[in-house]
Amino acid sequence: MPASDFEIFDPRFTSMIVGNAHVDKLFTGCRWSEGPVYVPAGRYLLWSDIPNDRVMRWDETDGSVSVFEQPAWNANGHTLDRQGRVLSCEHRGRAVTRREHDGSRKVLADHFEGQRLNSPNDLVVKSDDSIWFTDPTYGIDSDYEGDAAVSEIGASNVYRIDPQTGAVTAVVQDMVRPNGLAFSPDERWLYVVDTGFTHVADGPRLLRRYEVAADGLSVGNGQVFATCSARLFDGLRADVQGNLWVGAGDGVHCLAPDGTLLGKIRVPEVVANVCFGGPKRNRLFICGTTSLYSIYLKTQGLPR
Ligand code: MG
């Protein structure tokens with residue numbers, strides 16, 4: 001006790017892991033795995049292989065993997081909305097889109113104040129159906145994972161799409177390269193990773209949190225919540241207790257609601273993103289560079 005796939009720094013972590021569980025490799029052969037979303041109605045998981053411009057599909061019923069879509073607008077982050085539809089951040093589309101129930105693609109946001117978005121990276125849906133997404137430049141920095149272009153906006157912000165009007169407003173404008181994001185279970189806090197280290201010497205590689213305004217439309221000033229001790233944080237998900245499971249250079253870091261690093265799931269590749277899934281939402285799916293991994297936990301992801 002416990003298996004070697006875990007590093008434990010705090011006893012709180014022990015209660016969330018299954019001692020004899022281990023990391024399973026479900027698929028390999030990607031260039032950069034990102035953006036996982038579990039679709040409970042179909043018992044499958046979609047994730048992005050951004051440089052190969054494809055979205056992959058892992059079928060929970062038989063373990064098979066197939067190409068869901070290619071080309072795929074160099075899609076990155078995915079999530080589900082409250083109606084069960086898949087939402088996507090697209091580098092090459094420079095848009096946030098929704099897959100309708102009939103299979104068609106609907107653009108939800110591709111501009112801010114008349115200028116094209118950079119390359120939406122990751123997104124989360126709030127209980128009021130608003131969609132919050134980050135817009136760094138990784139998809140326009142080169143032709144590797146999108147189409148190279150100069151930023152029209154000239155900044156990397158976090159935006160909110162209003163569920164009634166579709167209006168796009170900037171909610172965070174003080175980050176270098178906002179990346180993964182998540183709400184606390186009570187939606188009092190918005191957590192956003194800043195991976196500005198990729199563009200600025202000694203730049204941020206940390207997780208900030210912002211207090212959500214009472215009306216849910218904006219956030220207050222951010223504060224540093226945690227700094228990454230292994231390369232960079234990237235995508236994250238919250239569990240039902242408000243712990244954060246964050247992709248990092250050496251695996252998945254588990255942060256308590258007070259910011260303490262409780263423990264790690266060791267993964268042999270750099271982890272870009274995670275999501276909870278399975279019928280009980282107790283299985284963490286892990287996008288680790290070339291591969292898709294998973295591990296069972298003793299906690300559950302938030303329903304979305
Ligand atoms: Mg990301």
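Colleague: By class, how many nonpolar, polar and charged residues does the lining of the largest cavity have?
Modeller: Keep in mind that this is a predicted model. A search of the whole structure turns up 1 cavity of 30 Å³ or more, and the largest cavity holds about 150 Å³ of space. Its lining comes to 15 residues. Sorted by class, these are 7 nonpolar, 3 polar and 5 charged.

Colleague: Which residues lie nearest the centre of the largest cavity, and which elements give two or more residues to its lining?
Modeller: Nearest the centre of the largest cavity are Glu-69, His-78, Ser-88, Thr-97 and Arg-99. As for the elements that give two or more residues to the lining, they are β6 (65–69), β7 (75–80), β8 (86–90) and β9 (95–99).

Colleague: Let's stay with β8. Is it enclosed or open on its faces?
Modeller: On one side sit Val-86, Ser-88 and Glu-90, on the other Leu-87 and Cys-89, and all of them are buried. With 5 of its 5 residues buried, β8 is therefore largely enclosed by the rest of the structure. Both faces, then, are covered.

Colleague: And which residue in β9 is the bridge partner of Cys-89?
Modeller: Take the β7 side to begin with: β7 and β8 run antiparallel, joined by 4 bridges, and His-78 stands opposite Ser-88 there. β8 also pairs with β9, again in the antiparallel sense and over 4 bridges. In β9, Cys-89 has as its bridge partner Val-96.

Colleague: Which residue takes a positive phi in the hairpin of β8 and β9?
Modeller: In the hairpin of β7 and β8, with 5 residues between the strands, Gly-84 has a positive phi near 85°. The hairpin of β8 and β9 has 4 residues between the strands, and the positive phi there, near 50°, belongs to Arg-94.

Colleague: What is the phi of Arg-281, and is the residue buried or partly exposed?
Modeller: Arg-281 sits in the loop between β25 (273–277) and β26 (283–288). Its phi is positive, about 55°, although Arg-281 is not a glycine. Its relative accessibility is 26%, so Arg-281 counts as partly exposed.

Colleague: Where is Pro-71, and what kind of peptide bond joins it to Gln-70?
Modeller: You'll find Pro-71 in the loop between β6 and β7. For the bond between Gln-70 and Pro-71, omega is about -5°, and the bond is cis.

Colleague: Over to the metal. Which residues are the protein donors of the magnesium ion?
Modeller: In sequence the donor residues are spaced E-x86-N-x57-N-x54-D. They lie 2.2 to 2.7 Å from the magnesium ion: Glu-34 (OE), Asn-121 (OD1), Asn-179 (OD1) and Asp-234 (OD).

Colleague: How many residues apart in sequence are the parts that Glu-34 and Asn-121 tie together?
Modeller: Glu-34 is buried, and so is Asn-121. Glu-34 lies in strand β3 (residues 33–39) and Asn-121 in the loop between β12 (115–116) and β13 (123–125), so the pair ties together parts whose separation in sequence, in residues, is 87.

Colleague: Now the second largest pocket. Which domains does it lie between?
Modeller: This pocket has a volume of about 330 Å³. Of the 22 residues lining it, the closest to its centre are Trp-32, Tyr-138, Glu-145, Asn-179 and Asp-234. The lining divides into 10 nonpolar, 7 polar and 5 charged residues. Both domains give residues to the lining, so the second largest pocket lies between domain 1 (1–43 + 239–304) and domain 2 (73–227).

Colleague: One more strand: in β16, which residue does Ile-161 stand opposite?
Modeller: Ile-161 belongs to strand β15 (residues 158–161), where Val-158 and Arg-160 point one way and Tyr-159 and Ile-161 the other, all of them buried. Strand β14 (residues 131–134) pairs with β15 in the antiparallel sense over 4 bridges, and Trp-132 stands opposite Arg-160. β15 and strand β16 (residues 168–172) also run antiparallel, joined by 4 bridges. In β16, the residue opposite Ile-161 is Val-168.

Colleague: Last one: what distance separates the C-alpha atoms of Gly-146 and Arg-188?
Modeller: Gly-146 is in the loop between β14 and β15, and at 5% relative accessibility it counts as buried. Gly-146 and Arg-188 are 42 residues apart along the chain, and their C-alpha atoms are separated by 34 Å.

How values were computed
Residues numbered from 1 in each chain as written. Predicted model: local features only at pLDDT ≥ 70, side-chain atom pairs only at ≥ 80, totals over all residues. Heavy atoms only, no water. Donors = N, O, S within 2.8 Å, 3.2 Å for Na, K, Ca; no water. Buried < 20%, exposed > 50% of the residue type's maximum accessible area, 1.4 Å probe, protein only. 1 Å grid on protein atoms, 1.4 Å probe; cavity = no way out; pocket = protein on both sides within 12 Å on 5 of 7 lines; lining within 4 Å. Points joined across faces, edges and corners; volume = space filled by probe spheres on them. Nonpolar A, V, L, I, M, F, W, Y, C, P; charged D, E, K, R; others polar. Domains from an automatic or database assignment. Pairing = 2+ DSSP bridges.
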